[in-house]
Amino acid sequence: MAWLSWKGPRAGKRAVLALMAAGLLTLTASVLLPALELGSEALKLCLQVSVATTAVTLFFSALFIRRIIDDRRQIAESEQRFRRAMEDSAIGVAIVGLDGRIVQANPAFADMLGYTRSEIEALTFFQITHPDDLQIGRETMMRLKEGKIHSFHFEKRYLRKDGTPVWAQLAGSVIREEETGRPLYLVSQIEDIDARKQAEARIAEAETRWNFALTSAGQGVWNLDMRKGGTTYSETWVRMLGYDDGELDGDPDRWLTMIHPDDRERVTEAERAHLAGETPFFEAEFRMRHKAGHWIWILDRGKAIERDGEGRLVRAIGSLTDITQRKQAEERLKVSAAMLADEKERLRVTLQSIGDAVICTDAANRITFMNPVAEKLTGVAAGEALGKVLGHVYWPVDEETGQRIGLTRPSAGDRHHCDQNARAVLIRRDDTRCSIRQMASPIMNDRNEFCGLVIVFQDFTDARALQRQLAYAAAHDALTGLANRSSFIRTMEELVDQCRLDGGEHQFMFVDLDHFKAVNDTGGHAAGDALLKRVADAVRNVLGPEDIVARLGGDEFAVILQSSAPARAAITARSIIDAIRNLSFSWDGRSHSIGASIGLAPIRADCGEADEIIARADAACYAAKAAGRGCVSAAPDEDIRDKTVTLLAAAS
């Protein structure tokens, strides 16, 4: 019964079914007739009809079965031809469902996009199409579904497996159901045209560059062809002279009449020399009259490319360039050169006369100029220095690190690059030194190329010393040499911030002298000042090199023990009290004895700001004085905890 699945014409299937029904009826009749009581003649006639019907049924069934077998063979051969054509095709072939799914693809299409067949057949056309070209495929699919078109042909970009785009040309049609005409799927042929597209793009780009270059350079092209009756000129050429396209074509000698009379003889001679074979090409600069009446400068280059059997010129080609601006620039340069010579002399006199030292170098860092001040500061005469590498004469180092200060070349395009240094030290050949302030600026030409350096420097020794003195005075107590209050507060604030960031703990001491007022009252302020110096030395001797001590004012001192535990702070504080009490101080033959009281407070992340820590230590110091003086008192942690609880409550 396999032939029932045959997809032949509808009439053929109906005929087969009719014959089958007739055969079944005949078979049924042959079985039932003996049971009926009919006459022998009637029975004989029925049997004859039954046999004839059965024979006819078998005959036509055999014909239809043979037709089915032939059709199946043809279909199989057609499918095999299609399969072989698809498999062996040099271009891509794909069967695509109406939802865009790739039902089947041949190896050429898979290879074109870098996939295997199984990989690409798991994708849709939308997944492998370039995003900018998705709309093309969607519109084509919609029109096919609506029956507006039955085939398609367009170009679009696919995406290879590695993500790179590739141009392809698609051609195909829709396969429809035979009875209803309903679209089933698409058959597409995909040809890789990426190389052609790239070649077209390169050609278009080359033509664009060529045309743009000619137009931008103001170049026109002329073509002399005696076979075609004369000379033709490009659009750029005629517009250069103010004419319309084609207005000057024809007479090959017309251009000579447009040349300035003063230039005509020279141009004619150059043309004769080239036509006589004396020069490989024709080249001349001359003036031509513009249609508006003024003159423009032209650079004309050409070459004879074909002659007849008698050596007469048949064809030549060349270009004309508008060089008016160049000629005008050359005239301006002649004037500028004279002005530049005067300016150069004025500059030389100026550099010789100014109070700053000046050294100039070339691109290879060789000295090209030194003024007298530079000779004096470096200790090297200009005659000896010229042509030498800069480092043989000028050797600046950083004042703090001692490292040489290199003079770097500027990066491309940085015309305004300038190296400044206000803490340089110049080391002379005899190893003597002087502090300088220097500025190094690059020399750049009009092509933005580095041509050398100009180094301007001044003797800054006295000014640098004064700066150091002022900086020291701003941060230190003038009497004791200890850090003053303002610099100490800055240091303490930095330590507080550091504790908040990195953790850790330091100890702060507020030191207040006991019985110091009596020294001032009996011996005067001179005695008090002398004693304060002794106290400062005594405190410094007790502390380590990493600890910090300052005079806050009057007889108040402050100490920070860095990274110390409270136990060590108490011991150190006791040592300070003992050192101050044991001072042997006499003034005008009279001995004086003083003491000290110290308040301790920790410096931690939870201890608040610097002024709060100082206030707690100050309060602890007053507690020490109230306890009998000459002792140490630590600020209670309850104050810090209470402050923390208060802040948390306020925040909530």
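Predicted model: local features only at pLDDT ≥ 70, side-chain atom pairs only at ≥ 80, totals over all residues.
Residues are numbered from 1 along each chain as its sequence is written, and side-chain values use heavy atoms, with hydrogens and water left out.

Rings of Phe, Tyr and Trp (its six-membered ring) pair if their centres lie within 6.5 Å; planes under 30 degrees apart count as stacked, over 60 as edge-to-face and the rest as tilted. This rule gives 10 aromatic pairs. The ring centres of F109 and F125 are 6.0 Å apart with planes at 10°, so this pair is stacked. It links distant parts of the chain, 16 residues apart: F109 belongs to helix α3 (residues 107-113), and F125 to the loop between α4 (117-120) and α5 (134-145). Helices are DSSP runs of H or I with at least four residues, strands are runs of E with at least two, and both are numbered from the N terminus. F109 and F125 are both buried, meaning under 20% relative accessible area, where exposed is over 50% and partly exposed lies in between (1.4 Å probe, protein chains only).

Further along, helix α14 (residues 485-502) has 18 residues. Its buried residues are S487, F488, M492, L495, V496 and C499. They pack against α13 (461-475), β17 (506-514), β18 (548-553), β19 (556-561), β22 (595-603) and α18 (610-626), contact being heavy atoms within 4.5 Å. Just after α14, G503 adopts a positive phi of about 80°.

Methods:
Expected span 1.5 Å × (residues − 1).
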